[in-house]
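Let's take a walk through this protein, starting with the overall layout and then heading inside. Keep the picture handy as you read.

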Amino acid sequence: MLQVGHAPVFVHPTKASEAIVEKQTAEEFGLALNSEVGVQIDEIKNCTNPNNDFPDCEGLRHGNSVSIELTELVRGHLRGKPNVRWKDKQWNIDKFRDQMSCLIQKKIAKSRFHNVVLDYLVIHSNEEWISPVQAEEWLSGLSFYAERRIHEAFFLQFYVPGWRDHWPIHKIALNNRA
């Protein structure tokens, strides 16, 4: 069952499957973060507050609890449409920047609403039209306003054969000036 707005690998038709997908994605983030940045997050688990699904997961870094919020970069409005032109599926730096900014601002608003400061925001994606090299190039020239609500943000791409032994991960530059 393909849900509109999600890449097939991140589909979660039930709350139980959503928790599984979130935990697995957070674990992949932890592996990539450790491999690329040398930061280890242990004991990653889903947050279990029944009244609040924010943040999605938590783990331990040097024995201290850290929050991990996940969100997906996907052009969901194009998924499942057979007559989409090839050029409309393509990403460019403007579409990428605008979509990333929108996702970050939504998480800042949610963070403000719940009065939570996020340790990690992970924007994950299985967009086959964005290569790891392209993502790195685009992100190297971008910075996003974070209002001191997000300590660190990363762009995590689904596994790419021939890439390293983990999912590609890219640091997202954040700033606190509008």
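Helices (H or I, at least four residues) and strands (E, at least two) are DSSP runs, numbered from the N terminus. By that count, the protein has four helices and eight strands, and along the sequence they come in the order α-β-β-β-α-α-β-α-β-β-β-β. Keep in mind that this is a predicted model, where local features need pLDDT of at least 70 and side-chain atom pairs count only at pLDDT 80 or more, while totals for chains, interfaces and linings use all residues. Residues are numbered from 1 along each chain as its sequence is written, and side-chain values use heavy atoms, with hydrogens and water left out.

How much of the protein is buried? Of its 178 residues, 44% are, where buried means under 20% relative accessible area, exposed means over 50%, and partly exposed is in between (1.4 Å probe, protein chains only).

Now for the inside. A nonpolar core is a set of buried Ala, Val, Leu, Ile, Met, Phe, Trp, Tyr and Cys residues joined through side-chain atoms within 4.5 Å. The largest one here has 23 residues, and Leu-73, Phe-96, Met-100, Ile-123, Phe-155 and Ile-172 touch the most other members. Helix H3 (93-114), strand S4 (118-125), helix H4 (132-140) and strand S6 (150-157) each give two or more residues to this core, with the largest share, five residues, coming from H3. Look at Met-100: leaving aside neighbours within four places in sequence, its contacts (heavy atoms within 4.5 Å) are Leu-73, Ile-123, Leu-139, Phe-144, Phe-155 and Ile-172.

Next, find helix H1 (residues 15-37). Buried residues in H1 include Val-21, Phe-29 and Leu-33. Among the elements covering the buried residues of H1 are strand S1 (42-46), strand S2 (57-61) and strand S3 (64-72).

Finally, which cysteine sulfur is closest to that of Cys-47? It belongs to Cys-57, but at 6.4 Å the two are too far apart for a bond. A disulfide is a pair of cysteine sulfur atoms within 2.5 Å, and the structure holds zero of them. Cys-47 counts as partly exposed because its relative accessibility is 22%, whereas Cys-57, at 0%, counts as buried.

Terms used
Expected span 1.5 Å × (residues − 1).
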